[in-house]
Amino acid sequence: MWKDLSNAAQKQQANLDRLLSQYSSFQSSDMKDETANSSIDSLENSITQALNELESLILQLNDLEGENQNTHGLPQRALQRHSLAYQEYQNAFKRYNTDFIIGHAYDIRSDLQSQHSSLTGSTRRLNDAGSIIPNVQGLIRKIRKRKLRDQIILAVVTSACSDKSFKVPGTSLKSL
């Protein structure tokens with residue numbers, strides 16, 4: 001029974017190696033399309049499930065090790081290796097997930113800066129036109145008021161979204 005559970009834990013570790021390798025490769029790819037986003041969601045769910053299964057196997061091994069005290073420490077060392085591997089996989093998943101989120105945020109920031117440059121150029125052209133046509137000044141003032149209102153709304157939404165705490169599901173290991 002011990003050997004079967006230990007082998008299952010090793011297979012789960014190999015599976016996690018493969019899944020985390022795939023997940024880290026998504027960081028360098030372009031994430032603009034819906035197919036890639038659904039693939040990432042599916043991969044995150046698979047990693048979370050694999051972490052939960054490994055945790056369950058470790059807990060079962062811990063229970064067996066507690067029942068069999070006369071095993072000369074070999075199962076205890078194997079259990080410690082499995083537990084350390086689990087913690088490393090869990091930390092790697094958190095790190096990759098955080099890196100992915102930060103990378104995505106930088107991409108959004110770059111897009112917003114590009115839009116800002118475009119809108120600044122449009123504003124400058126409207127001001128030039130406003131100096132030529134007097135009635136345009138009233139329209140420009142209204143646009144500026146709406147722009148200010150939109151900036152305030154965007155700031156409130158951004159701050160509300162950034163205040164959410166980041167938690168990766170299925171990342172607790174009961175103490176052994």
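Predicted model: local features only at pLDDT ≥ 70, side-chain atom pairs only at ≥ 80, totals over all residues.
**Whole chain**

Read along the sequence, the pattern is α-α-α-α. Of its 176 residues, 26% count as buried. Turn to contacts next. Among those with a separation of 6 or more, 79% join residues 24 or more positions apart.

**The largest nonpolar core**

Select Leu16, Leu20, Tyr23, Ile47, Leu51, Leu54 and Tyr89. In the largest nonpolar core, which has 25 residues, these touch the most other members. Colour the helices to see where the core comes from. Helix 1 (2-25), helix 2 (34-67) and helix 3 (74-132) each supply at least two of its residues. Which helix gives the largest share? Helix 2 does, with ten residues. As background, nonpolar side chains in soluble globular proteins tend to be buried together.

**Ile47**

Centre on Ile47 and show its surroundings. Setting aside residues up to four places away in sequence, Ile47 touches Leu16, Leu19, Leu20, Tyr23 and Phe93. Ile47 is also among the core residues that touch the most other members. Keep Leu19 and Phe93 on screen for the next stop.

**Leu19**

Move to Leu19, in helix 1. Is Leu19 buried or exposed? Leu19 has a relative accessible area of 5%, so it counts as buried, the cut-off being under 20%. Now show its partners. Beyond its neighbours within four places in sequence, Leu19 is in contact with Leu43, Ser46, Ile47 and Ala50. Draw a distance from Leu19 to Phe93, C-alpha to C-alpha. The two are 9.7 Å apart in space and 74 residues apart in sequence.

**Ala8**

Stay in helix 1 and select Ala8, which also has its place there. Ala8 is partly exposed, because its relative accessible area is 29% and that class runs between 20% and 50%.

**Residues 40-67**

Select residues 40-67. An unreviewed UniProt entry annotates this span as "coiled-coil region". What is its secondary structure in the model, helix or strand? The span is 100% helix and 0% strand. Its end C-alpha atoms lie 41 Å apart.

**A nonpolar surface patch**

Bring back the surface and select Leu126, Leu139 and Ile143. Together they make a nonpolar patch of about 250 Å². Zoom in on Leu139, which lies in helix 4 (residues 136-162). Leu139 is partly exposed, with a relative accessible area of 48%.

**The salt bridge**

The side chains of Arg149 and Asp150 meet in a salt bridge, at 3.2 Å from N to O. Check how open each partner is. Arg149 counts as partly exposed, at 47% relative accessibility. Asp150 also counts as partly exposed, at 40%.

Conventions
Residues numbered from 1 in each chain as written. Heavy atoms only, no water. Core = buried A, V, L, I, M, F, W, Y, C linked by side-chain atoms within 4.5 Å. Buried < 20%, exposed > 50% of the residue type's maximum accessible area, 1.4 Å probe, protein only. Helix = DSSP H or I, 4+ residues; strand = E, 2+ residues; numbered from the N terminus. Contact = heavy atoms within 4.5 Å. Patch = residues over 30% accessible without salt bridge, like charges linked within 9 Å, V, L, I, M, F, W, Y side chains within 5 Å. Areas by Shrake-Rupley, 256 points an atom, 1.4 Å probe, with all protein chains shown as cover. Salt bridge = Lys/Arg side-chain N within 4 Å of Asp/Glu carboxyl O. UniProt positions renumbered as here; feature names shortened; annotations may be inferred.
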